[in-house]
Amino acid sequence: MNFYKAYLKTLTGIVHQLKGADQKVQLIYAFNGTGKTRLSREFKQLISPKNDVDETVLSRDKILYYNAFTEDLFYWDNDLTLDAEPKLKIQPNSFTDWILVDQGQDQNVIANFQRYTSDKLTPRFHSESRERHQNGKKIVVQSIVEVTFSIETGDNVDSGNLKLSKGEESNFIWSVFYTLLEQVVSILNVPEPDERETNVFDKLEYIFIDDPVSSLDDNHVIELAVDLAELIRLNESSVKFIISTHNPVFYNVLCNELVSDDKSRRPYWRGKWFGKSRLERSEEGGYLLVPQPNDSPFSYHLHLLAKLKAVIDSGQVEKYHFSLLRNILEKTATFLGHKRWEHLLPSSEDGRPNPYAKRILNFSSHSKHSAEEVPDLEPQDQKVLKQLIDHIVSTHRFWQEQESDD
């Protein structure tokens, strides 16, 4: 039993938990650096392990996944020496050619990209002949090697090749993958395989999406989340979705869209069909997949408050915990319209923010000397931290997250 519990705290153990869950959609929140990308790779290896015997068995037959490696297929050639016009180059791979050449989705990619950006900002795909091995033979195929972008105004004015912003670049790469997802859902929604326009997706089991919202502002994050949730709701096949993110806005919008009370939407996204959780690193260096209730959103500041209360209960308070509290105060002050976070502190007799509480928060958040890095605190300081947390929770009526037993 102890061995089994230890196994469940490994990434391999967690991917087995995800695979064993009887849910159409699983939504996972994790802070950056927790291991989301590694989790997606481990899951891909479980569903479709690398086959050294039969190279015709491709991982995309059973699982499609989007993560940092997908984004790394694209890179800019700025040619600073010759001052040439920039091009978005594509690393040699079969995945993008499969979408853009084999599936012929280039025009749909352009349409999706322009919907997220501007109908004037136009990608152009450039191909060249490449050799590819297929069934033991060498064949010559067309391969998309780069993309250029320009503004089309309709009056024959050529803007020249443009370099995209990081947000536009993220939107473009996501548009390539999202266009494929639209095709997958549309084709697999035809129940009889013999009646489908293609059978290349017939064996597909999972779609794993890890953080498609890097470099996007909140408006685009929300738009992407709403579109993805709508596509998931349209899916009538047995394909399951797993989505991980570090972005609270993306996480909460997806959650709200998928468990909506709108009676025109499918009710089965409630209950066992939809689950959400939080991926954490344990104190022993392993991993924890912590279930989250479906009837409330996850918010970063609520998670920090729960962690701080648990730390206080354990008596293991350190200086950096005051930094976490200040982080909460700053975000709450901004949301409530206060000019300074100190306005949320308990008041002294003269009506001003408690000076001792302000001093210890500043002192612990901005230590500059090595002697100040000692984590130990006086009992009075630990008591102050508890009083401050109790004050902001009761004064501003924060919903209090209940930590599950690990």
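Student: What share of the protein chain's residues count as buried?

Tutor: Of the 406 residues in the protein chain, 45% count as buried, and please keep in mind that this is a predicted model. The chain exposes about 21900 Å², of which carbon and sulfur atoms supply 49%.

Student: And how many helices and strands does the chain have?

Tutor: Its secondary structure comes to 13 helices and 10 strands. Among contacts between residues at least 6 apart in sequence, 67% join residues at least 24 apart.

Student: What's the order of the strands in the open sheet?

Tutor: The open sheet has 6 strands in the order 2-7-8-1-9-10, and their pairing is mixed. Strand 2 (63-66) and strand 10 (287-292) stand at the edges with a single partner strand each, so one side of each has no neighbour in the sheet. On average, and with direction ignored, neighbouring strands of this sheet are turned by 20° against each other.

Student: Do strands 1 and 8 run parallel or antiparallel?

Tutor: Strand 1 and strand 8 (residues 240-245) run parallel and are joined by 5 bridges; within strand 8, Ile-243 is the bridge partner of Leu-27.

Student: Which strands does helix 2 touch?

Tutor: Helix 2 (residues 11-20) packs on the sheet and touches strand 1, strand 7 (206-210), strand 8, strand 9 (274-281) and strand 10, its direction making about 30° with that of strand 10. Helix 7, for its part, lies across strand 2 and strand 7, and it runs at about 160° to strand 2.

Student: Switching to aromatics, how many pairs are there?

Tutor: The count comes to 17 aromatic pairs. In one of them, the rings of Tyr-29 and Tyr-251 have their centres 5.6 Å apart and their planes at 85°, and as planes over 60 degrees apart count as edge-to-face, this pair is edge-to-face.

Student: Where in the chain do Tyr-29 and Tyr-251 sit?

Tutor: Tyr-29 is in strand 1 (residues 25-29) and Tyr-251 is in helix 9 (residues 248-258), so that the pair links distant parts of the chain, 222 residues apart. Both Tyr-29 and Tyr-251 are buried.

Student: What about Trp-174 and Tyr-178, how are their rings arranged?

Tutor: The ring centres of Trp-174 and Tyr-178 are 6.0 Å apart and the planes are at 35°, so this pair is tilted. Trp-174 and Tyr-178 are 4 residues apart in helix 7 (residues 166-188), which means that about one helical turn separates them, and both are buried.

Student: Which residues are in the cluster linked by ring pairs?

Tutor: The cluster consists of Tyr-66, Phe-95, Trp-98, Trp-174, Phe-177, Tyr-178 and Phe-201. Trp-98 also has the charged end of Arg-60 over its ring, 4.3 Å from the centre. Elsewhere, the charged end of Arg-41 sits over the ring of Phe-69, 4.4 Å from the centre of that ring.

Student: What does Gln-91 touch, leaving aside residues up to four places away in sequence?

Tutor: With those left out, Gln-91 touches Asp-72, Leu-73 and Tyr-75. The C-alpha atoms of Gln-91 and Ile-144 are separated by 9.5 Å, the two residues being 53 apart along the chain.

Methods:
Residues numbered from 1 in each chain as written. Predicted model: local features only at pLDDT ≥ 70, side-chain atom pairs only at ≥ 80, totals over all residues. Heavy atoms only, no water. Helix = DSSP H or I, 4+ residues; strand = E, 2+ residues; numbered from the N terminus. Buried < 20%, exposed > 50% of the residue type's maximum accessible area, 1.4 Å probe, protein only. Contact = heavy atoms within 4.5 Å. Areas by Shrake-Rupley, 256 points an atom, 1.4 Å probe, with all protein chains shown as cover. Phe/Tyr/Trp six-rings, centres within 6.5 Å; stacked < 30°, edge-to-face > 60°. Lys NZ or Arg CZ within 6 Å of the ring centre and 35° of its normal. Pairing = 2+ DSSP bridges. Axes fitted to C-alpha atoms, helices over the stretch in contact; angles between N-to-C directions.
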